Amino acid sequence: MPDNRLIVALDVPNAIAGLDLAKQIGPAVDFYKIGLGMLTGGGLALANELKQEHGKRIFLDMKLFDIGATVEAAVRGLAQFDLDFLTVHGDPHVVRAAKEGAAGSNLKILAVTILTSMDRSDLDACLIQEGEVPELVVTRALRAFEAGADGVIASPQEARLIRNQPEAEGRLIVTPGVRPTGTASGDQKRTATPAQAIKNGANYIVVGRPIHKATDPAAAAAAVLAEIDQSTTST
């Protein structure tokens, strides 16, 4: 059985490249993320094909943000695709609307706390209130849970802080910004290794470039899976 804790980000130009990458990786990976960057490249068609024809699980990373009625309508439409995870921004009104749109489906709504590519200086530029990033992430996570989110998106560095909150009981924590040992951080600023992310309380980790830019994506995915396994077998 594949270890579903690894979600591979198909951050490639189009659906053809995405399907090719999934085929290269093979049966070891069962969960894929399709993001906004591939939306105009056939992302929804790829999501449907991977789900319906190949039996994969799909994380649609749209990070929706709009007025409640628009978010609800958008999520209701996306829920028809029988996908697994969908991201929205963690503002309570957005989360509540998304949950309304997903009603009657199995789609899990994940709330984005603070993007893993951002640090305090980025938040200052966006006029976000003062405070340390970890504290703000936890506050946004708690407000998202209160609004009904099935889980949150947070960096591995904040996963433990969130997991230690009573409100996180039974909720999902999905961590991007995961970098296998020895790989570059790229544009991510709050990172950790796969083993560290799982030990910190993440249910799922998302890995993109270290796999899809590798000479051998299947081998790169296997290395990440080995690191995840290490997190549960080491003491």
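How many positive and negative side chains does the chain have, and how far apart do the centres of the two sets lie? There are 23 positive and 28 negative side chains, and the two centres lie 1 Å apart. Here Lys and Arg count as positive and Asp and Glu as negative, while His and the chain ends are not counted; each charge is placed at NZ of Lys, CZ of Arg, CG of Asp or CD of Glu. This is a predicted model, in which local features need pLDDT of at least 70 and side-chain atom pairs count only at pLDDT 80 or more, whereas totals for chains, interfaces and linings use all residues. Residues are numbered from 1 along each chain as its sequence is written, and side-chain values use heavy atoms, with hydrogens and water left out.

**The chain as a whole**

- The secondary structure comes to ten helices and eight strands, where helices (H or I, at least four residues) and strands (E, at least two) are DSSP runs numbered from the N terminus.
- The radius of gyration is 17 Å, close to the 18 Å that the globule rule gives for 235 residues, so the chain is as compact as a globular protein of that length. That radius is taken over C-alpha atoms, and the rule is 2.2 Å times the number of residues to the power 0.38.
- Along the principal axes, the C-alpha atoms fill a box of roughly 45 × 40 × 35 Å.
- Of the 235 residues, 50% are buried; buried means under 20% relative accessible area, exposed means over 50%, and partly exposed is in between (1.4 Å probe, protein chains only).
- The chain exposes about 10800 Å², with carbon and sulfur atoms supplying 52% of it. Accessible areas come from the Shrake-Rupley method with a 1.4 Å probe, and for residues only the protein chains shown count as cover.
- Among contacts (heavy atoms within 4.5 Å) between residues at least 6 apart in sequence, 65% join residues at least 24 apart.

- Helix α4 spans residues 92–102, and its buried residues are Val94, Val95, Ala97, Ala98, Gly101 and Ala102. They cover an arc of only 165° around the axis, which puts them on the same side of α4; the arc is that of the directions from the helix axis to the C-beta atoms.
- The packing partners of these α4 residues are β3 (57–64), α3 (68–79), β4 (85–89), β5 (108–112) and α6.
- Just after α4 comes Gly104, with a positive phi of about 85°.
- In helix α7 (residues 156–163), the buried residues are Pro156, Glu158, Ala159 and Ile162. Seen down the axis, they fall within an arc of 145°, so they line one face of α7.
- Those α7 residues pack against α6 (133–146), β6 (151–153), β7 (172–175) and α8 (194–199).

- Ala154 sits in the loop between β6 and α7 and is buried at a relative accessible area of 0%. Setting aside neighbours within four places in sequence, its contacts are Thr113, Thr116, Val137, Ile162, Val174, Thr175 and Pro176.
- Ala154 and Ile173 are 19 residues apart in sequence, and their C-alpha atoms are 7.0 Å apart.
- Thr175 belongs to strand β7 and is also buried, at 0% relative accessibility. Its contacts beyond four places in sequence include Ala154, Ser155, Pro156 and Ala159, along with Tyr204, Ile205 and Val206.
- Ala144, in helix α6, is buried at 1% relative accessibility. Beyond four places in sequence, Ala144 is in contact with Gly90, Val95, Ala111, Ala149 and Val152.
- Val12 lies in the loop between β1 (6–9) and α1 (15–25) and counts as buried at 15% relative accessibility. Not counting residues up to four places away, Val12 touches Ala17, Gly18, Leu21, Met38 and His212.

- Lys63 is not a glycine, yet has a positive phi of about 50°. Lys63 is found in strand β3 and is partly exposed, with a relative accessible area of 31%.
- Leu127, again not a glycine, has a positive phi of about 65°. Leu127 lies in the loop between α5 (120–125) and α6 and counts as exposed at 77% relative accessibility.
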